[in-house]
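Subject: Structure for you to look at

Dear colleague,

I am handing over the structure below, and after it I set out what was found. Please read the notes with the structure open beside them.

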Amino acid sequence: MKETDALNSRISTLWRPVLALILVLLLIISVMNSWYTIDEKERGVVLRNGAFVNIAEPGLGFKVPWIDSVKIISVQNQTTTYKNVQAYSRDQQTASMSISVSWHVSPDDVEQVYKQFGSEDALVTRLISRQVGTQAERIFGGYTAVRAVQERGQLGLDYAKAFTDAISGPVVIDSVQLENIDFSDAYERSIEERMKAEVAVKTREQDLARERVNAEIAVTQAQAAADSSLARARAEAEATRLRGEAEADAIKARADALKANQALVELTKAERWDGKLPSTVLPNSAVPFIDARTGSRD
């Protein structure tokens with residue numbers, strides 16, 4: 001018995017420091033577990049044995065160790081991107097789209113988010129992600145493939161409105177972006193060929209318009225040249241007419257002057273005579289008169 005008591009006493013002596021150390025560690029852990037901090041972009045959901053207690057605001061807070069716990073919910077803006085969202089156009093063309101959704105949780109809705117979804121990931125999965133594909137099929141299905149390409153901006157606006165209107169829950173949708181639309185390779189080649197054909201038609205139309213303008217310019221220039229030539233010919237004809245009239249008037253004036261003064265006619269004849277008589281004169285004929293116009297004898 002004495003040996004047993006001694007052994008128990010020795011064991012008790014050895015365990016005392018261990019128990020003391022364990023108690024100190026538990027005390028330290030309890031102290032460390034009795035406070036928490038919340039960032040300005042977050043809110044804390046304080047739980048006591050799993051039951052909701054209150055929402056913790058940013059700053060330092062205290063809780064009951066081992067009993068209370070704090071779940072962090074972000075209230076800052078976040079962006080979730082969805083790639084390869086499949087949809088069919090109205091003319092049965094398959095498209096793969098990339099869509100990004102910017103959203104945040106309002107501080108006033110943190111309690112509802114936790115109670116209804118438990119976490120932000122669950123909120124995204126159950127509330128946002130479900131509507132991404134649904135609204136893509138509904139809105140994109142109202143557009144033909146060509147119209148979707150030509151009216152890409154309007155398609156994005158229609159999708160953003162439909163998506164925002166479909167969200168009903170404790171989340172704020174900041175923006176929705178339809179970032180990319182990919183069609184099948186065959187359809188994209190057909191679009192490219194169609195665009196090339198349209199460009200060729202537009203180019204030809206521009207060439208025809210340019211040729212038409214050049215033709216009009218040529219006609220105008222030719223008409224101007226013809227008008228100029230006609231005006232020049234008319235001017236020359238008028239000048240010739242005036243010169244003829246002037247010469248005729250001069251000749252008439254000279255003839256009138258000579259007719260009025262017979263002595264002047266005889267004087268003119270004398271001035272034009274070269275002093276030679278005809279070499280042959282017929283018998284019983286008079287001496288030929290002197291031609292005042294030519295200066296020759298008759």
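Please keep in mind that this is a predicted model. I begin with helix 5 (residues 152-166), which has 15 residues and reaches 21 Å from its first C-alpha to its last, close to the 21 Å expected at 1.5 Å a residue. Within helix 5, the residues L155, G156, Y159, A160, A162 and F163 are buried, and what covers the buried residues of this helix includes strand 7 (94-104), helix 3 (120-140), helix 4 (145-150) and strand 8 (172-183).

A search of the whole structure finds three aromatic pairs. In one of them, the ring centres of Y159 and F163 lie 6.1 Å apart with their planes at 25°, so this pair counts as stacked. Y159 and F163 are separated by about one helical turn, because they stand four residues apart in helix 5.

Another aromatic pair, formed by F183 and Y187, is tilted, with 5.1 Å centre to centre and 55° between the planes. F183 counts as buried at 9% relative accessibility, and Y187 is likewise buried, with a relative accessible area of 8%. Together with F140, the residues F183 and Y187 form one aromatic cluster.

Turning to the surface, L21, L25 and I28 form a nonpolar patch there, with about 280 Å² of accessible area together. I28 has its place in helix 1 (residues 2-32), and I28 is partly exposed because its relative accessible area, 47%, falls between the 20% and 50% cut-offs.

Terms used
Residues are numbered from 1 along each chain as its sequence is written. This is a predicted model: local features need pLDDT of at least 70, side-chain atom pairs count only at pLDDT 80 or more; totals for chains, interfaces and linings use all residues. Side-chain values use heavy atoms; hydrogens and water are left out. Patches are made of residues with over 30% relative accessible area and no salt bridge: like charges are joined within 9 Å, nonpolar side chains (Val, Leu, Ile, Met, Phe, Trp, Tyr) within 5 Å. Accessible areas come from the Shrake-Rupley method with a 1.4 Å probe; for residues, only the protein chains shown count as cover. A salt bridge is a side-chain nitrogen of Lys or Arg within 4 Å of a carboxyl oxygen of Asp or Glu. Helices (H or I, at least four residues) and strands (E, at least two) are DSSP runs, numbered from the N terminus. Buried means under 20% relative accessible area, exposed over 50%, partly exposed in between (1.4 Å probe, protein chains only). The expected span of a helix is 1.5 Å times one less than its number of residues. Contact means heavy atoms within 4.5 Å. Rings of Phe, Tyr and Trp (its six-membered ring) pair if their centres lie within 6.5 Å; planes under 30 degrees apart count as stacked, over 60 as edge-to-face and the rest as tilted.
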